[in-house]
Amino acid sequence: MTSPFDTPAPDAASDSAPGSVPGSVPAPVSAADGAPAPADRDARPQYVLPLLVRLEKATPPGRTDALETSARAVLTLLSDSRVTDADGEWAERVEAWEDARIRKVVRRARGGEWRRAGELPGITVSGREAEVRVFPPVPLDGWPKDLAKLQVSGTDLEETAEVGAPEPGLPVLWLNPELEMSAGKTMAQTGHAAQLAWWRLDEAQRKEWAEAGFALAVRTAPAEAWEALVASGLPLVRDAGFTEIAPGSCTVIADHPALRGTAEV
């Protein structure tokens with residue numbers, strides 16, 4: 001089965017070139033029993049999920065904190081009643097976004113740009129230092145003016161604190177140790193991975209994760225463990241290769257404890 005993540009966006013601005021789940025693992029679907037064929041998805045109205053990271057010159061967030069906050073922002077939107085309720089004000093747009101090619105684009109803002117963006121409908125999620133605002137999907141060619149003018153490139157971050165081992169039992173989004181990606185692109189990829197994990201969880205598992213504030217960690221996988229993770233059956237993002245890295249590159253694996261029962265890790 002082909003995943004809705006597996007074909008690239010045609011717009012060069014999309015740092016979130018999509019991916020897919022591998023091998024024998026069923027691809028995630030947004031509707032009940034089947035995803036539409038790739039050609040059908042391409043023919044449908046195309047949407048993109050905007051993510052905005054606050055990047056003040058004097059106080060940029062740490063890289064790992066930004067990656068984790070981006071993933072949590074995606075999950076926060078997916079679990080919001082404005083999305084999950086049948087008559088939710090964002091439900092129709094999210095459904096249209098998931099039924100077409102699923103795209104995420106990360107932009108950056110500071111000062112007045114950030115304040116103006118905060119006046120648009122969306123959700124701001126805070127980490128230890130990072131702030132990421134996620135907006136309901138917008139048409140691919142219909143970005144709000146205050147978002148469309150913001151920069152995509154140049155979103156690069158350094159660590160501001162030591163990054164230790166993840167806490168036991170915490171969901172971990174494992175980054176491919178052989179790839180180098182900008183912080184902006186990696187934020188989109190961790191958002192993809194979190195979404196894949198969300199699709200694989202049942203309602204009780206989703207509720208438990210939400211009640212924990214979508215606690216998770218993003219870490220670079222040990223080189224010696226990556227091959228086994230790829231073969232494990234855990235949700236895996238494959239990049240389309242339109243920006244930064246080669247097509248088909250495996251970027252992130254979502255290692256949620258609730259999914260380990262059907263995966264070999």
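These are my notebook entries on a predicted model of one protein chain.

**Ground rules**

I number residues from 1 along the chain as its sequence is written, and side-chain values use heavy atoms, with hydrogens and water left out. Since the model is predicted, I take local features only at pLDDT of at least 70 and side-chain atom pairs only at pLDDT 80 or more, while totals for chains, interfaces and linings use all residues.

**Overview**

I looked up the secondary structure and got nine helices and nine strands. Helices (H or I, at least four residues) and strands (E, at least two) are DSSP runs, numbered from the N terminus. Next came burial: 53% of the 265 residues count as buried. My cut-offs are under 20% relative accessible area for buried, over 50% for exposed, and partly exposed in between, with a 1.4 Å probe and protein chains only.

The chain exposes about 11,800 Å², and carbon and sulfur atoms supply 48% of that. Those areas come from the Shrake-Rupley method with a 1.4 Å probe; for residues, only the protein chains shown count as cover. I also checked contacts (heavy atoms within 4.5 Å). Among those between residues at least 6 apart in sequence, 80% join residues at least 24 apart.

**Strand β2**

Which way do the residues of β2 point? Lys 104, Val 106 and Arg 108 go one way, Val 105, Arg 107 and Ala 109 go the other, and all are buried. With six of the six residues of β2 (104-109) buried, the strand is largely enclosed by the rest of the structure.

I then looked for its partner. β1 (residues 47-54) pairs with β2 in the parallel sense over six bridges; pairing takes at least two DSSP bridges between two strands. Leu 51 stands opposite Val 106 in β2.

**The four-stranded sheet**

I traced an open sheet of four strands in the order β7-β6-β9-β8, with mixed pairing. Its edges are β7 (217-220) and β8 (236-238), each with a single partner strand, so one side of each has no neighbour in the sheet. The twist averages 20° from one strand to the next. Axes here are lines fitted to C-alpha atoms, for helices over the stretch in contact, and angles run from 0 to 180 degrees between N-to-C directions.

β8 and β9 (residues 250-255) run antiparallel and are joined by three bridges. Arg 238 sits opposite Cys 250 in β9.

Helix α2 (residues 63-79) packs on the sheet, touching β6 (172-175) and β7, and its direction makes about 130° with that of β7. Helix α9 (residues 223-230) lies across β6, β8 and β9, at about 75° to β9.

**Salt bridges**

I counted a salt bridge when a side-chain nitrogen of Lys or Arg is within 4 Å of a carboxyl oxygen of Asp or Glu. That gives eleven salt bridges.

Buried or exposed? Glu 68 is buried at 7% relative accessible area, whereas Arg 128 is exposed at 63%.

Glu 68 also meets Arg 219 in a salt bridge (3.0 Å, N to O). This pair spans 151 residues, from helix α2 to strand β7, and Arg 219 is buried, as is Glu 68.

For a local case I looked at Glu 203 and Arg 206, whose side chains meet at 3.4 Å, N to O. Both lie in helix α8 (residues 203-211), three residues apart, about one turn of the helix. Glu 203 counts as exposed at 60% relative accessibility, and Arg 206 is buried at 17%. Elsewhere, salt bridges that share partners join Asp 65, Glu 68, Arg 128 and Arg 219 into one network.

**Nonpolar cores**

For a nonpolar core I used buried Ala, Val, Leu, Ile, Met, Phe, Trp, Tyr and Cys residues joined through side-chain atoms within 4.5 Å. The largest has 55 residues, of which Leu 77, Leu 173 and Trp 209 touch the most other members. Helix α7 (residues 183-200) gives the largest share of this core, nine residues.

What does Leu 77 touch? Leaving out residues up to four places away in sequence, its contacts include Leu 49, Val 83, Trp 90 and Ile 123. A second, separate core has twelve residues, including Val 48, Leu 52, Phe 135 and Val 138.
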